[in-house]
Each structure stands twice: as structure tokens, then as C-alpha cells.
Amino acid sequence: MLTNLRIFAMSHQIIPSVHINNLCCYKIRASLKRLKPYVLLGRNYSSLPGLIGNDIKSLHSVISPPIAKIRNIGIMAHIDAGKTTTTERILYYSGYTRSLGDVDDGDTVTDFMAQERERGITIQSAAVTFDWKGYRVNLIDTPGHVDFTLEVERCLRVLDGAVAVFDASAGVEAQTLTVWRQADKHKIPRICFLNKMDKTGASFKYAVESIREKLKAKPLLLQLPIGEAKTFKGLVDVVTKEKLLWNSNSNDGKDFERKPLLEVSDPELLKETTEARNALIEQVADLDDEFADLVLGEFSENFDLLPAEKLQNAIHRVTLAQTAVPVLCGSALKNKGVQPLLDAVTRYLPSPEERNYEFLQWYKGDLCALAFKVLHDKQRGPLVFMRIYSGTIKPQLAIHNINGNCTERVSRLLLPFADQHIEISSLTAGNIALTVGLKHTATGDTLVSSKSSALAAARRAEREGEKKHRQNSEAERLLLAGVEIPEPVFFCTIEPPSVAKQPDLEHALKCLQREDPSLKVRLDPDSGQTILCGMGELHIEIIHDRIKREYGLETYLGPLQVAYRETIQNSARATDTLDRTLGDQRHLVTVEVEARPIETSSLMPVIEYAESINEDLLKVSQEAIENGIHSACLQGPLLGSPVQDVAITLHSLTVHPGTSTTMISACVSRCVQKAMKKADKKVLEPLMNLEVTVARDYLSPVLGDLAQRRGNIQEIQTRQDNKVIIGFVPLAEIMGYSTALRTLTSGSATFALELSTYQAMNPQDQNTLLNRRSGLT
């Protein structure tokens, strides 16, 4: 038996040596049986999850570590700040990959889609599970491109902490602001990692200042760089007053020395570090009362005597309270500073039990989980990622979906490792799991052990609500908040290669929509064509590419069009009568409505009722009236685009006995459209926040080009040797801008876009658009 174990270890090159004496025979047999599923194919991993160092860990700790030892973290940043490279280094140093993956070479673990490897960008967030110094870390690498903001949003929803990665030469960039605001919304504690310290133009001081000014955060400097740009060779740990130097002969950055700073060898560096540590202690004491008492009591005379552990505990509390953010630095590409970052993740970011989730008290240990992502696998069907908040999940378990009001069965349970998955027998609270077999669950659904468990939790929530005089509905309190799905800004037609392939296209789009809720698909009522609506040019391009590669369909896309909206400028009234006889039943409705503009921005119409309306009649037909108003506002009178910022008042309604609700809806809808046609109308176009980073030499041609695109420049900032143009530009004018900008600046400029608002077009541009749509120009 022992010989077998040695042969197994050698043949898989997984367990360098085994302390066999500590295991009894039955344990060894169990271990071998349980280890079978862990042998992964396709990519070489240096060790199995949990088998790091010279010991086989207890398999229970591999599958379900104690909750205090779990960290659910995300890596978030602006595009090209180095998120995926940082993730690759983390996996390498934690012993989960044998070679260092590179975005440029297209061999990274988390960017496993063909489209990601070709473009060198992250499109889908990827989940990876690994261990570091006794901690289980569930890490999610998120996209930085604005078209995939929803990917970031839905992953932040289930994280306990995040690492914000910054390009040290650029500081806070446009998309950094967006992801920071998203993290604020979900109250997520963060650590900042100033990456690319080796890059030309890198400035630690500038990057820290931009965090303070633009993010309105208080940076806690836990590290200082030794050198910058080409001279960057290591860093100083401010908390412990040690210097960390990486071996210049080492290719992979695994070897580094940690030496205490001494007066003899590093007088200047020691002086700078002592000042930084004193400043850090004062900063933390201002934010944490417990630490302030300690500092003012025992260590008021000499801060040098303050133990590093006491300071680290205080930084942990301050990070959890989100009153400040720890700042670390390094260069992921040059393999410097990643191991201390991992130490900081386990030391300063919270475990699941340190996050306060109000709804957990109502479940009393029963299963409660949130589905935050769905992937389609050709062999296994839908794979659902879920965060378990309480209880335990096992294969073959029947679970109840509160949103869909249906019961489903988990056929298999997996631990996610990017595109590789390891089968496991159970997972407890605090973990992120991947389930197979859930056919109806979609992003944002709340999953519980049974319907009765949900009802019991609802009753507890209701009793608690009565104590606190709350008026929430039971269901609202029970449902975990899903994700807010932004409205698409681009759309185009999509057609299959032949009519016979239409069902295949519909199936592909249905699967893709379930994976990506920001993708919308609708049918054009006039032409019968399928319309694809997305968040940007790249988003639609990627969807088109995926349909071709993953579903084998050569589809045709129509020209890309901007999703305009419409509104009215003055009040207008209309009356309409619908009189039809179907069979022997007469349907007669007479309606009078008024449409008027409102100041507040609202995509949904505000519905009001005049006092003269009969209350009994309204009770019976209110749903039909509101359905009619909503359907009328889906297509405006000018372009057939959705109508926003309007209030509809119902002034009179007479209904013949026996008239169906469908007829009431149809009459109300027709009447609202008639009123909107009478009013003065205008088109609203999407306006984008634009940030262009350009070298000084190319500033003039870029500004000239933006002026031609109806751009409105707000300010021009200086960032190192570059200029940053900040302004607004209509989305219609920015199509194909990346190619134009590359041509103007010889490929040196970068830009970021984000939807700002919808604004009214001027009459001249509106006429041009209407003429173009009607084929007159």
C-alpha cells in the first residue's frame, strides 16, 4: 500500500514527499480514492489544490477550510493596469501553475477564451481557487473594458474584499473611478497595488496623490519602493522596517531576501522608513480608537517599540471599516512585490464572517446562496457560479430558487479553477462554488434549501421588521440584491445563414443572454428581424465571434446603430374610441389621456389618474391601462425609440360591460401614441464621458478631431509627460474612434469611454438623423 502511494506521488509529480507515518491505512485508502478526481488534464499544475509543501493536508481542510481562513477577493482596475498578469503571478507563487503565463503570449490561466487570448484583454471574469500560507483564497479576475462593466458589477456583489490595481505611471484612470464607485456601492474593503513600478514614467508619489485626490480615499503607505522606473529593484516594508530585494539572477521572482534596515548599511532608507512608519501610526491612530489608546498609553514616547502585529491588527480594522486603504507597490510583469501582496490579502482583507449580512440571521444556518454568473458548457450544460452565504451545499441536493419559484437539483459540485474544474463532495458557507444541473437559474437568483425554509425565514424577517417598524415586503427582504443591468447603447440586426438555422441562432442567443444579462435580444415588429442590443462595439463584436466559434453559426450583422431615445417638449391631449364586436360580444372603450414632459430623468413613464375616474372601474382595469401606457412608450413617434421623461394622466375612461382587458390596453396604447404625436418631439442621444491620454506632440490634432465629432472638452490635465483630455462626446460620433485615434497619434494614445447621460440633439443634427433614417440623405 505504501509502495503504491509512493508510485502515485512520483508518477503525478505532485507530492514531493509524504509523511506516511502519520497516516493510518484506511486514511491512505480514502485519500487515494478521493484524490482521483483531482488529477487534472490539459495544463500542468505543480501541485493539487491544498497539496503544497511537504505535507498532505487533511482533505476536509482542502474542501471546506474554516470560515476564518477563507478570503473571497476580486482584482479590479482600468484596462491594461495589469490585473491578469498579477493574477498569473499569484497562481504561480501559490504553487498552482508551473510556468508564468503571459497576456502577450496568450497562455494565461484566467484569460482562457479564444477572443481574450487574441485581443490580450479580459472579457469574462474568471474564478480561481488556491491556497496561500494556510488560507483558502477564491480570486476573481474581472474585465477592465467599459463594455464589460456588468461583469465587474456582478462579481463585486459576492466578494468580501478587493485588490485595486493601478498603473504607477498613470495613477487613477477613467475605468478605475467606475470600478471604485461600484466597490463603494457594495461596501467592499480594498487594498491598492501600484503595479508597473518598473515602467518608464512610474511615480509612487504621483500615484498615491491621485488616489487621495480622485478617489477621495485615505492611502496608508505600507510599502515604499526602492528606486523607480529602470532603477526599481525592491521595496521596503514600512510596518516591519525591513527591505525586500529580489534576486536579479532569478527568472521567476520566487527568490527574495527580507533584511532588517540597519543604520550602518542603509542610513537614508532607514530614516525615510522611520518617518513613513511614524506617519502611518499617527494616521491609523486617528482612525481607530482602540489603537489610539494603545499608542498614547504604552508607546507615546517611542513609536519604534510598537510591535508590528499591533499595527497590523489596527490596519486590518481600519480596512474593514473602509476609512482608509492600504497601499502596496511592485511590478507583476517583473515578478516583484506579488508575495507581499498575497500576505496583505490574508492579513488585511476580511473573511466572510467579518462581513455583516443582515439576512443571515433569518436563515438560522439553512442554505442561502446567490447565483452570480452562468456559463454554458457544451458537455455539461449550464454551469452556475454561486456564493454560499449560509448552510452547506452537496451534489444531488434539491434547492429552491426564490426568484424563479422553482425547485432544481444540483447534480455535481465543482471547485472553479478558470477553465478547469475539480469535483468535490460538499461546500460550506463563505465559499464560491460551481454547480452543474441547474437548468433555470439565472444571474442574480437567490437559492435556498427549500420553499418551507424560505417561508420560515420570511416569517422571522417579518417579526424583525415589525420590531423595527419597517414596511418592506417579505420577498424583498429575502431576495439577495441582484445586479443592476445597464441599458444597452448599441444595436444591430443579426441574421442566420439560412432560415433553417434560425432555431439554432435563437438557442445560441438564449444561452448567451443567460450568461450575459447586459446583452438584449428583441424582434423588430415591422421587419420581423432579430435585433441584438449591446454595451458597445466590442461587446457586439465579441458576441458575433462567440456565435461563430462556440455554436458554429456564420451569422450576418447589419450596420451598428445607436440606441436613441425620445421625449416630448409640451403637453398634449388625445381621445380615442375602440369599438369591436368579436363573435357575439361587443368591446367598447373610450379613453382620454394627457402626455406631458417631466423634469426628472425617468425611463419609465409616470402614470397619474384624474379624480373623476371611477375607483371601482380603475381597480378592475388598472393593470390593463398601465400595460397599454408602457407598451405605447416603447416606441416613440419619431424613430420608434423608447420614450422617456414623460408623465401620462388618464382623464376619462368608459368601458362597455364585458369588454376584455386586452381591448382596454390596446385603446389606451393607441390614445397615448396619438397624444405624443400631437406634442413637439425631440430625439435624445447617448452622451459619453471621454478620457483621452495623449503625448503633448499629438494634442492639437486630437483636439481638432474631437471638435469635428461634436465633442465638448471639459479640461486638459497633465499626467507625467502626457496630456489627459476629459470631456463629453455623442456616442454616434465615436464609432470607429479607436482606429482614427491610432492613425492620428501613431498608436501612442489611449482612450476610455463611459455612458454619462442622454441629452437632446440640436434641431439641425436631429433633422439630419431623421432624413438619414427615412432614406432622404
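Colleague: In this predicted model, is the crossing in which α9 passes α10 left-handed or right-handed?

Modeller: Happy to walk through that one. Helix α9 covers residues 267-287 and helix α10 covers residues 289-297, and their axes come within 6 Å. The crossing of α9 past α10 is left-handed.

Colleague: Thanks! How are α9 and α10 oriented to each other?

Modeller: Their axes cross at roughly 130 degrees. Angles over 145 degrees would count as roughly antiparallel, and 65 to 115 as roughly perpendicular. The pair α9 and α10 is therefore oblique.

Colleague: And how many nonpolar residues does the contact of α9 with α10 have?

Modeller: From α9 come I281, V284, A285 and L287, which meet D289, F291, A292 and V295 of α10. By class, this contact has no polar residues and 1 charged residue, while the nonpolar ones number 7.

Colleague: Moving on to α20, why are its buried residues on the same side?

Modeller: Helix α20 spans residues 699-708, and its buried residues are L699, V702, D705 and L706. On the other side of α20, S700, A707 and Q708 are exposed.

Colleague: Nice. Which residue just after α20 takes a positive phi?

Modeller: The buried residues of α20 are covered by elements including β32, β33, β34 and α21. Just after the helix, a phi of about 60 degrees is taken by R710.

Colleague: Last one: does Q766 count as buried or exposed?

Modeller: Q766 lies in helix α22. Beyond its neighbours within four places in sequence, Q766 is in contact with L638, K681, K682, V683 and M761. Its relative accessibility is 10%, so Q766 counts as buried.

Terms used:
Residues numbered from 1 in each chain as written. Predicted model: local features only at pLDDT ≥ 70, side-chain atom pairs only at ≥ 80, totals over all residues. Heavy atoms only, no water. Buried < 20%, exposed > 50% of the residue type's maximum accessible area, 1.4 Å probe, protein only. Helix = DSSP H or I, 4+ residues; strand = E, 2+ residues; numbered from the N terminus. Contact = heavy atoms within 4.5 Å. Axes fitted to C-alpha atoms, helices over the stretch in contact; angles between N-to-C directions. Parallel < 35°, antiparallel > 145°, perpendicular 65-115°, else oblique. Left-handed = near helix turned anticlockwise from the far one by under 90°. Nonpolar A, V, L, I, M, F, W, Y, C, P; charged D, E, K, R; others polar.
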